[in-house]
Amino acid sequence: MKPTKNGTAQSATLAEIAREAGVSAPTVSKVLNGRADVAAATRARVEELLRAHGYRRRRAEATRSPLIDLVFHELESAWAMEVIRGVENVAREAGLSVVLSESAGRLTPGRTWADQVAGRRPHGVILVLSDLDDSQRALLTSRRIPFVVLDPAGDPGADVPSIGATNWQGGLAATRHLIDLGHTRIGAISGPSRMMCSRARLDGYRAALETAGLPVDPALIKAGDFHHDSGRRLGLELLRAPDRPTAVFAGNDLQALGLYEAARELGLRVPDDLSIVGFDDLPVARWVGPPLTTVRQPLTEMAEAAARLVLDLGRTHVDSAATRVELATSLVVRSSTGRLRRDHPFG
């Protein structure tokens, strides 16, 4: 880097980076623009030099496409549709389109994806239950492409903007509701342990039991994957136990619906024999019979907040922002929960 008049550092020019890499300036420009016609070794060398010099695209260079990139680790449920709706609402107001991509269950998109985004030069990137590795962050930062993590799977870091929900409070409210109805044997079907939201909901469940003076029984806790099939499979395990729970907190609505199926298979009635609470408040929660008591996670509002934040970051050209927003969850009581019957065999 070169010193400026005020003594601070200034990023190297493209010509200087090209000279140091032993390539032409147009080749460096191709790498910056995500062009595919650059050898992998050359691309890696240039990218490393761009990172080492802290290169940032100048505003005149940073012409953006009218796009927002929306990246899911999995794209297959009504949950994702609520997120898409929220991002679309904001994109439509801003005259932008949304590009969807999926990382096939991985919590970090592949390198090919990062190169494609650099080539598209969108207004911003929103990562859902995903994150970026250091090289991907550097690639987007060098192109002045802002990114926001929605519902982070792990701790995104203090310098990564993120939008989430009060998952711990939601787990606490769900379990307290069941305790207030007289239930003492309360099971839980959580989501993947690697996901921060899943751990927070389960921690809220534990806190509610401990505060009420009830034991936390490991035999009543099952680790699911946030899919319908795991709710059914793990629900059958819980409900076939000799001393089964009288109520279950499912880590999300899809697992709660799987638990409904398990109860039907075993001839159990909801809520007479088993009370169930979900998490998310997807539209289907109102339609299922009986309608599902669940914790409302404001998914559409969270997605709108993420989209507005990423556009704000792009307009202000802020390199990073320690912005972490959590939207409030709330318990929605419907007909899938009821007071524990005095004659319940497991009460």
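## Close-up views of a predicted model

**View 1. Asp 312 and Arg 315 share helix H12 (residues 299-316).** The two residues sit three positions apart, about one turn of the helix. The model is predicted. The side chains of Asp 312 and Arg 315 form a salt bridge, 2.5 Å from N to O. Asp 312 is partly exposed, at 36% relative accessibility. Arg 315 is exposed, with a relative accessible area of 56%.

**View 2. Salt bridges with shared partners link Arg 269, Asp 272, Asp 273 and Arg 341 into one network.** One of the bridges pairs Arg 269 with Asp 272. Their closest N and O atoms are 3.7 Å apart. Arg 269 is partly exposed, at 49% relative accessibility. Asp 272 is also partly exposed, at 35%. A search of the whole structure finds 14 salt bridges.

**View 3. Asp 203 and Arg 206 meet in a salt bridge.** The N to O distance is 3.2 Å. Both residues lie in helix H8, three residues apart, so about one helical turn separates them. Asp 203 is partly exposed, at 36% relative accessibility. Arg 206 is partly exposed, at 28%.

**View 4. The largest cavity has a volume of about 50 Å³.** Two cavities of 30 Å³ or more turn up in a search of the whole structure. Strand E8 (186-190) and helix H8 (196-211) each give at least two residues to the lining of the largest one. The lining residues include Ala 188, Ile 189, Ser 198, Arg 201, Phe 226 and Phe 249. By class, the lining has five nonpolar, four polar and one charged residues.

Methods. Residues are numbered from 1 along each chain as its sequence is written. This is a predicted model: local features need pLDDT of at least 70, side-chain atom pairs count only at pLDDT 80 or more; totals for chains, interfaces and linings use all residues. Side-chain values use heavy atoms; hydrogens and water are left out. On a 1 Å grid over the protein atoms alone, a cavity is a set of points where a 1.4 Å probe fits but cannot get out, and a pocket is an open set with protein on both sides within 12 Å along at least five of seven lines; lining residues have an atom within 4 Å of a point. Grid points are joined across faces, edges and corners, and a volume is the space filled by probe spheres set on the points. Helices (H or I, at least four residues) and strands (E, at least two) are DSSP runs, numbered from the N terminus. Ala, Val, Leu, Ile, Met, Phe, Trp, Tyr, Cys and Pro count as nonpolar, Asp, Glu, Lys and Arg as charged, and the others, Gly among them, as polar. A salt bridge is a side-chain nitrogen of Lys or Arg within 4 Å of a carboxyl oxygen of Asp or Glu. Buried means under 20% relative accessible area, exposed over 50%, partly exposed in between (1.4 Å probe, protein chains only).
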